[in-house]
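Subject: Structure handover

Hello,

Here is the structure I promised you. Please open it and keep it on screen while you read my notes.

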Amino acid sequence: MRRGETDPVWKKRLAQEPRSAKAAQVQNLLNQYEESQWWDPEDISKSQTLLRSKLLAHAQRTISHYAETTGQVNPRDLASLRAGSWLDLPVLKRDIVNRLGEDLLSREIPKQHGGLDPIYTSGTTGKPVRVVRTSYALTYWSAFTTRDHIWHNRDIMGKLAAIRSSEKDFAIYPKGARHVAWGSKNGVFETGPCISLNVNTSIADMADWITRTAPEYLLSLPNIIKRLAPYCIEKGLTFPSLKEIAVHGEMCGDLMRQQSMEAWNTPVHDMYTSREIGYMALQCPVHDHYHVQSEGVYLEVLDDDDQPCGVGETGRVIVTTLRNYAMPLIRYQVGDYAEVGAPCDCGRGMPVLNRIMGREQDILVLPTGEQRWTLLGSPDVRHFMELAPINQYQFAHVAPDRMEVRLVTERELTPDEENNIAEWVQKKLGYPFAINFAYFKDMPLSKTGKFKDFVVEFS
Ligand SMILES: [Zn+2]
């Protein structure tokens, strides 16, 4: 079965004369992806074993850290790599990447992989990580960006509006900023215009900007959509030109998908990316779950005993970047958790992730020692929002047995409303926490525009 096959308009685009040498490389990859997405899981796994073998051999030969820490595994023994010797390789944690810095750079970067491009990741904790990519690795990045457009059959001649983190004085309301194309103007294909608005804009002003500019596509963060949708429902703002919303950077729950349908009759598509790795998984063209981007990464989900999780199990995400020979990340612990999915009936053979569960610091540890996900993106949060006129909330775990409920509300709440909220929070989190309330005029976003529903503030 081949559900969600490439649209004829996109097929024509893929066959057309490339706009530049760089576009030719990306187009070439996209045409390969058109085939490789339908490979069966066995062939994908074989191809990935070969890529892992080559990368590990290169890393052992040209980077001292990998020579020292991975010598027990023979990269040329493909049979044993497949049988599990790969699991003997140490997991690479973020602080090791920080500490090693330039020492993780290969002494012999293949010349044909082109120039180098360093990138700094912001990170929610600790120092930023510096990762160096080759121009060859970036070609894969560009191809995945376009694959996302193909999978979700976007009309790239339409107008794209991005609400994103920007420099302090850039893209500010009411005008925002205007860009000539969706990506860079020398992108793979010709596109329509892109407009952007600084993420530090009030929800009311965002709604006004979208109404005035009437985009076909909106790119933003889940925390924005989660606040924008109820506001628009209340004000009756329907954004009639809007065809789709794409989100990234934070957990995307079913609640937000439902809210978007209710507010604007618009589907939401999520992508799983990180600045240091690039695209790890894209949402399936026909389902809400994700396909690992196997052409670029080898992604493992490991349990507490460092063994691969089975279908339906949740574990730590460990990623190997298969195409970056400048600073290969081998078994890098991204810091997120994900739930492994069953093979997909769309016919694509790439592994499935049902859900991305967020970061380690998003896990709630009860005073009993039990660990739980707070699941604040699930539809039952709606009941909570209906208990009082709540515009925004955050649950802060401030002591082992105490939760602070932080709220932005339209008016002062009554004692009854506070009691109902406290009861709901205790039930949702599965423990009779002592609860106190704190009220705010607004709750600021992080520098990169992110916002957490749940934070832990004691150690
Ligand atoms: Zn699928």
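Which strands and helices do the buried residues of helix 9 pack against? They pack against strand 3 (160-164), helix 8 (203-213), strand 6 (217-220), strand 7 (244-247), helix 10 (254-264) and strand 8 (268-274).

Some ground rules come next. This is a predicted model: local features need pLDDT of at least 70, side-chain atom pairs count only at pLDDT 80 or more, and totals for chains, interfaces and linings use all residues. Residues are numbered from 1 along each chain as its sequence is written. Helices (H or I, at least four residues) and strands (E, at least two) are DSSP runs, numbered from the N terminus.

**Helix 9 and what follows**

Helix 9 covers residues 222-235, which is 14 residues. From first C-alpha to last, helix 9 reaches 20 Å. That is close to the 20 Å expected at 1.5 Å a residue. The expected span is 1.5 Å times one less than the number of residues.

The buried residues of helix 9 include Pro222, Ile225, Leu228 and Cys232. A residue is buried if 20 or more other C-beta atoms lie within 10 Å of its own, exposed if 12 or fewer, and partly exposed in between; C-beta atoms are placed from the backbone. An α-helix has 3.6 residues a turn, so residues three or four places apart point the same way.

Just after helix 9, Gly236 takes a positive phi of about 70°. Phe239 lies in the loop between helix 9 and strand 7. Its phi is near 45°, a positive value in a residue other than glycine. Phe239 counts as buried because it has 21 C-beta neighbours inside 10 Å.

**The loop between strand 3 and strand 4**

Ala171 sits in the loop between strand 3 and strand 4. Phi of Ala171 is near 55°, again positive in a residue other than glycine. Ala171 has 23 C-beta neighbours inside 10 Å, so it counts as buried. Pro174 is in the loop between strand 3 and strand 4 (177-179) too. The peptide bond from Tyr173 to Pro174 is cis, with omega near 5°.

**Domains**

The chain is divided into domain 1 (8-111 + 131-143 + 276-356), domain 2 (154-271) and domain 3 (366-456). These bounds come from an automatic or database domain assignment. The C-alpha centres of domain 1 and domain 2 lie 29 Å apart. How many residues are in contact between domain 1 and domain 2? On the domain 1 side there are 11, and on the domain 2 side 8. Contact means that the C-beta atoms of two residues, placed from the backbone, lie within 7 Å. Helix 2 (21-36) and strand 9 (278-283) each supply at least two residues of the domain 1 side.

An open sheet has 4 strands in the order 19-18-17-20, with mixed pairing. Two strands pair if DSSP finds at least two bridges between them. Strand 19 (434-439) and strand 20 (454-456) are the edge strands, each pairing on one side only. Strand 18 (residues 402-409) and strand 19 run parallel and are joined by 6 bridges. Arg402 stands opposite Ala434 in strand 19.

**An exposed glycine**

Is Gly115 buried or exposed? Gly115 is exposed, because it has 11 other C-beta atoms within 10 Å. Its place is in the loop between helix 6 (94-100) and strand 1 (116-120).

Best wishes
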